[in-house]
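Please read these notes with the structure open beside you. They are numbered points, each on one topic.

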Amino acid sequence: MNGRNVEADLAFDRTHVWHPYASLNDPPPVRLARAAKGVEIELADGRRLIDAVSSWWCAAHGHNHPVLVEAIRRQGEKMCHVMFGGFTHGPAIELARRLSALTPPGLDRVFFADSGSISVEVAAKMAVQYQRAKGRPRRAKLVALKGGYHGDTSLAMALSDPDGMHVLFRDIMTRHFFAEKPSVPFGGEWDAADFASMLHVVEEHEDEIAAVICEPIFQAANAMNFYHPQYLRELRRLCDEKGILLIFDEIAAGLHRTGPRWAQDHAGVAPDVMTVGKALTGGHVTLAATIASGEVAETISHGTPSAFMHGPTYMANPLACAAAIASLDLFAAADYAANVRRIESQFKATLAPLAALPNVAGVRVLGAAAVVEARRLPARADIERVIDAHGVWLRPFCNFIYAMPPLVSDAATVGRIAAAMADLAACPPGPPQDGDFHE
Ligand SMILES: *Cc1c(COP(=O)(O)O)cnc(C)c1O
């Protein structure tokens, strides 16, 4: 593609194509990507950027992994899609089998969704149908955590931080209940007071609550908060005591982002329903899954209606299922937990000194997620300059300069990412931001 076409394409894009969380009037700059391979994205002018964000935390094995590309190609030659009402197929059956084997014992009833947000909607609807089937129809609300994020569709939004990015849509959302953001950090000393807000909300509204939903250990898109595993143990006990379902949203943290396969493994507790997405297909095709316990599935299936009432058009898309099976093969073939521990210790060692910088409020690292919390983000021009100078793609949001690189990143890659983050953290604070509070 020559330079003139690039300019014309970008001009058309600026006026006609909406990007996530962007205005069409003076939109933030976008780069024209033409290829992606391994940990890098290649631009139209041939420059390459390390994808320190794993394209929103999906590209766990790197981009265009040959095994995944081949799996998608081979499935495409046979059957790209067939409706899932009235049909089933090998890729869906095989993927459900694999997921059941990887999730905690008892979680083996799989609903395939086409995105993470939809899998959250599905989990919430399961909780409501479950309580109805138990003869408790008034239990139709959920409890979520402040500082959480569960997606952009309306039910998922209504379960995300009530003071965050979704405040604009308050009037079209159902009100759910919120407990304070967990504040005892991962690795800190547990303080029972951290659970008091959740205890209070559940005790006050227990007759209206179908389920509690949270991102286990790692509140990602909203708060970049790593919290204490004891919180989840307390939560499991409370939900059991009250007959309330527990939903873990593992879309961001699952599949080794924080080290072990599931973030919940840090706490050694399992939910009744969990959601998986993002890295499931290694970031190659959109797919998510809601996985329920036998008890939840059987209760719903003996209720009225006995059908679980959800069914997306592209449910269990075979291309996506084939990619996910190949992705799980890759996870099984190497020691990702060890790789993530290596990335974690390198980030810890290289980023810790940044805590002394004047514009840095804190530094925290868990697994392959590294966060430098700025007092205020640097100016847009500084961010662009650092990305170009280092050849490292970073996408800071709120006050967070963060990296969640592909889990296969080697030491040189992690070093370059850390250097770019350090450069950015040393920049002066920029002007206050306007609405750009998403990842
Ligand atoms: C990204 C994310 C979602 C939403 O997934 P989409 O595929 O963007 O709809 C839900 N929950 C968590 C924890 C996420 O990080």
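1. The second largest cavity. In this predicted model, the second largest cavity has a volume of about 70 Å³. Its lining is made up of Asp-13, Arg-14, Val-17, Trp-18, His-19, Ala-22, Ser-23, Leu-24, Pro-27, Pro-28 and Val-30. By class, seven of these lining residues are nonpolar, two are polar and two are charged. Asp-13 and Arg-14 belong to the lining, and Asp and Arg both count as charged.

2. The other cavities. How many cavities of 30 Å³ or more does a search of the whole structure find? The search finds four. The largest cavity holds about 120 Å³ of space. It is lined by 13 residues, and those closest to its centre are Ala-158, Pro-162, Met-173, Arg-175 and Phe-178. The lining of the largest cavity divides into six nonpolar, four polar and three charged residues. Such spaces are found by rolling a probe the size of a water molecule over the atoms, which shows where empty space is left.

3. The second largest pocket. About 650 Å³ of space lies in the second largest pocket. Its lining has 35 residues, and Trp-56, Cys-58, Gly-116, Ile-251 and Lys-278 lie nearest its centre. Helix 2 (54-57) and helix 5 each supply at least two residues of this lining. The largest share, three residues, comes from helix 2. By class, the lining of the second largest pocket has 14 nonpolar, 16 polar and five charged residues.

4. Ser-119. This residue lies in helix 5 (residues 116-133). Is Ser-119 buried or exposed? Its relative accessibility is 0%, so Ser-119 counts as buried; the cut-off for buried is under 20%. Leaving aside neighbours within four places in sequence, the contacts of Ser-119 are Ala-113, Ile-251, Thr-275, Ala-288, Ala-289 and Thr-290. Ser-119 and Ala-156 are 37 residues apart in sequence, and their C-alpha atoms are 9.2 Å apart in space.

5. The two sides of helix 7. Which residues of helix 7 (residues 196-205) are buried? They are Met-198, Val-201, Val-202 and His-205. These four lie on the same side of helix 7 because they cover an arc of only 95° around the axis. An α-helix has 3.6 residues a turn, so residues three or four places apart point the same way. On the other side of helix 7, His-200 and Glu-204 are exposed. The cover over the buried residues of helix 7 includes strand 5 (141-145), strand 6 (177-179), strand 7 (209-214) and helix 8 (229-242).

6. The chain as a whole. The chain has 13 helices and 16 strands. Its radius of gyration is 22 Å, close to the 22 Å that the globule rule gives for 439 residues, so the chain is as compact as a globular protein of that length. Along the principal axes, the C-alpha atoms fill a box of roughly 65 × 55 × 45 Å. Of the 439 residues, 53% count as buried.

7. Contacts along the sequence. Consider contacts in the chain between residues at least 6 apart in sequence. Of these, 73% join residues at least 24 apart.

Methods. Residues numbered from 1 in each chain as written. Predicted model: local features only at pLDDT ≥ 70, side-chain atom pairs only at ≥ 80, totals over all residues. Heavy atoms only, no water. 1 Å grid on protein atoms, 1.4 Å probe; cavity = no way out; pocket = protein on both sides within 12 Å on 5 of 7 lines; lining within 4 Å. Points joined across faces, edges and corners; volume = space filled by probe spheres on them. Buried < 20%, exposed > 50% of the residue type's maximum accessible area, 1.4 Å probe, protein only. Arc of directions from axis to C-beta. Contact = heavy atoms within 4.5 Å. Rg over C-alpha atoms; globule rule 2.2 N^0.38 Å.
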